[in-house]
Amino acid sequence: MNNMFYGLNSHRRFLTAPLAAMAAITLSVSAPSAFAQSNKQVVLRSGTVIPVKLNTELSSNNSNVGDSFTASVDNSKQAYDDILHNATVEGVVQEATPQEGKNPGTLKLAFKRLRLSDGRTYSISGKPTGLDSKSVKTGDDGVLQAKPNTKNKDLTYAGYGAGAGVLASVLGGGKLKLENILIGAALGYGASQLTKSQDVHDVDLKEGTAVGVLLDDSVKYYHRRTGSTTQTPSTGKSGKYYTYQGHPYFLNSRTGERTRLD
């Protein structure tokens, strides 16, 4: 009888050892998967348009060259709430010319930095563009893309019409070519109507004005929820995922041990 029990126990050990090893292997490879789910890589390619709202009033007669400003990403679109939740874009005033006589005021902006909600920042090269159907289209992922006719245009705000301003291309000799009626009561005016109109004024972009930020270059980052704490499936240890110098890590909150995950 003892020999029989010994044989059964031995057989059980032979069965459980491979199963334990398989379980260990299965669990050990699931950690990167968990990281991928909560820390997905986001690539905003050249031509991507980020919808933002200005956090500061900007005008052609009160703003100065070199003034910095911020704009909050419009998270009302689900695609941007997923990848740029509570993110901001930082910009600078490149040119500001007050209205004088029959010459409208002009305001040229550039966007230099993307700041995520957890404080990580990325240098960008962005310029303003319209958010209307003539300027952008919506991709399959819900992210806006500039249409071919707007990708390479360097646009400046000009004080034409009854609205806050319109976007225009600056031609040789400083002449303006109207491209897109963007905001305010000027919406619906034809370019010819505006250029013939005597209604010139300063550009006045109020706080909350919607602007499209057209990216000239790609931006790549890992998206994660700030300060999110979870458990690694492989160890059951409590900790936090984060990114350092472009690489994903896991911080064990109990031991303080940091593990690189790629």
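**Rings, strands and cores: a guided reading**

Guide: Phe-69 and Phe-111 are both buried, where buried means under 20% relative accessible area, exposed means over 50%, and partly exposed lies in between (1.4 Å probe, protein chains only). This is a predicted model, in which local features need pLDDT of at least 70 and side-chain atom pairs count only at pLDDT 80 or more, while totals for chains, interfaces and linings use all residues. Residues are numbered from 1 along each chain as its sequence is written, and side-chain values use heavy atoms, with hydrogens and water left out.

Visitor: How many aromatic pairs does a search of the whole structure find?

Guide: Rings of Phe, Tyr and Trp (its six-membered ring) pair if their centres lie within 6.5 Å; planes under 30 degrees apart are stacked, over 60 edge-to-face, and the rest tilted. Here the search finds two pairs. Phe-69 and Phe-111 sit 5.7 Å apart, centre to centre, with 80° between their planes, which makes them edge-to-face. They bring together distant parts of the chain, 42 residues apart: Phe-69 in strand β4 (residues 68-73) and Phe-111 in strand β6 (residues 106-115). Helices (H or I, at least four residues) and strands (E, at least two) are DSSP runs, numbered from the N terminus.

Visitor: And how are the rings of Tyr-122 and Tyr-221 arranged?

Guide: Their centres are 5.7 Å apart and their planes meet at 40°, so this pair is tilted. Tyr-122 belongs to strand β7 and Tyr-221 to strand β15 (residues 219-222), 99 residues apart. Both tyrosines are buried.

Visitor: Which residues have the most contacts inside the largest nonpolar core?

Guide: In soluble globular proteins, nonpolar side chains tend to be buried together. A nonpolar core is a set of buried Ala, Val, Leu, Ile, Met, Phe, Trp, Tyr and Cys residues joined through side-chain atoms within 4.5 Å. The largest one has 39 residues, and Leu-44, Leu-84, Leu-114 and Tyr-221 have the most contacts inside it. Contact means heavy atoms within 4.5 Å; beyond four places away in sequence, Tyr-221 touches residues including Val-42, Leu-44, Leu-84, Leu-114 and Tyr-122. A separate second core has five residues, among them Ala-158, Val-166, Ala-168 and Val-200.

Visitor: Why is strand β14 described as largely enclosed?

Guide: Strand β14 (residues 210-215) has five of its six residues buried, so the rest of the structure largely encloses it. Two strands pair if DSSP finds at least two bridges between them. Strand β2 (residues 48-54) runs antiparallel to β14 and is joined to it by five bridges, with Val-52 opposite Val-211. Strand β7 (residues 121-129) is also antiparallel to β14, through four bridges, and Thr-129 stands opposite Gly-212.
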